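Please open the model in your viewer and keep the selection tool at hand. The tour moves from one selection to the next and says what is there.

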Amino acid sequence: MTILFLLVAAAFTYAYSIYNHAKTTFDKEMNINVNSIDQSETKKKIENKEVLNVLVLGVDERADVEGSRSDTIIVMSLNPKDKKLTMVSIPRDTRTTIAGEGTKDKINAAFSFGGPDMAIETVEAFLDIELDYYVEMNMQGLADLVDAIGGITVNNEIEWYDEGFYKKGYHYKKGEIKLDGPKTIGYVRMRHLDPTGDFGRTERQRKVIKAIIDKGLSFATVSKMNDLIDVVGNNMETNMKFSDMKALLANYIDVAKNIESYMVQGTDDRIKGIYYYIVSDEEIKKVHNMVTGKTDKEKSTEEE
């Protein structure tokens, strides 16, 4: 009986230390304020278990890169009613109106011009949606995150020899491959050797995110939870508080069981010698319905 009591006490102490560490990290080290998101409206949505949209930006902050660019732009739609998580990639060269500037430019310029708020407002206007949370991930920290969960496994659809993003000459074989942190960076950065260019890269980015979610939900990573929290705290900024995270885990955890991914479709064009990705109004409407969780009936009503 004494041994049982000690085991229970030890488990409780460990669980509390993880809880306390997570709360401190979320509320003090990671939390940022974004003026463009109404947190009170988001809380109402969580209480009513409505669709939530999260903007995820992968920001390149390498020492040899001037300024910060949002090279990865993903809207994650959490739909608790359908128990589905939809990841939509917006190509960084997509031409749209930059919020607050009123000029047409590549969508990834919004973050460079005005940080999180301008990026949020630009994506909201582009897709005519409301964003509820913002997550900014330093792409260099992606390696630490993958290592913290013990690596990931992905299905690689093409083979290539690394140009130097991971290790020059390294063979990324076709099929199921295991990736540690540094190999993951090489996997998501490559685009010149991909027949589909940047589009293939965004697909690999979504695969990595899905693999991280799948691995993170497994009990195998519980013993590494504090390391994982530290990695996230050092490389991520978000307007999500610890109380929000608890509410999401309580009400939206089932969405991770069914993950779908999509990339906004468009056409290539050059305007005054500059490459842009042009997205039609029909495509924008399609993606809008996708991330807002509208039913076929609701779509038909809007079209009438």
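Select Tyr172 and Tyr187, both of which are buried, and bear in mind while you look that this is a predicted model. For Tyr187 the relative accessible area is 0%. The two rings form a tilted aromatic pair, with 6.4 Å from centre to centre and 40 degrees between the planes. Since Tyr172 lies in strand 9 (residues 171-172) and Tyr187 in helix 5, the pair ties together parts that are 15 residues apart in sequence.

Trp160 counts as buried because its relative accessible area is 3%, under the cut-off of 20%.

Now extend the selection to Trp160, Tyr166, Tyr170, Tyr172 and Tyr187, which together form one aromatic cluster.

For another arginine over a ring, select Arg95 and Tyr276, where Arg95 lies over the face of the tyrosine at 5.2 Å from the ring centre.

Finally, show the whole chain, whose secondary structure comprises 10 helices and 14 strands, and of whose 304 residues 46% count as buried. The chain exposes about 16000 Å², with carbon and sulfur atoms supplying 52% of that area.

Methods: Residues are numbered from 1 along each chain as its sequence is written. This is a predicted model: local features need pLDDT of at least 70, side-chain atom pairs count only at pLDDT 80 or more; totals for chains, interfaces and linings use all residues. Side-chain values use heavy atoms; hydrogens and water are left out. Helices (H or I, at least four residues) and strands (E, at least two) are DSSP runs, numbered from the N terminus. Buried means under 20% relative accessible area, exposed over 50%, partly exposed in between (1.4 Å probe, protein chains only). Accessible areas come from the Shrake-Rupley method with a 1.4 Å probe; for residues, only the protein chains shown count as cover. Rings of Phe, Tyr and Trp (its six-membered ring) pair if their centres lie within 6.5 Å; planes under 30 degrees apart count as stacked, over 60 as edge-to-face and the rest as tilted. A charge sits over a ring if NZ of Lys or CZ of Arg is within 6 Å of the ring centre and within 35 degrees of the ring normal.
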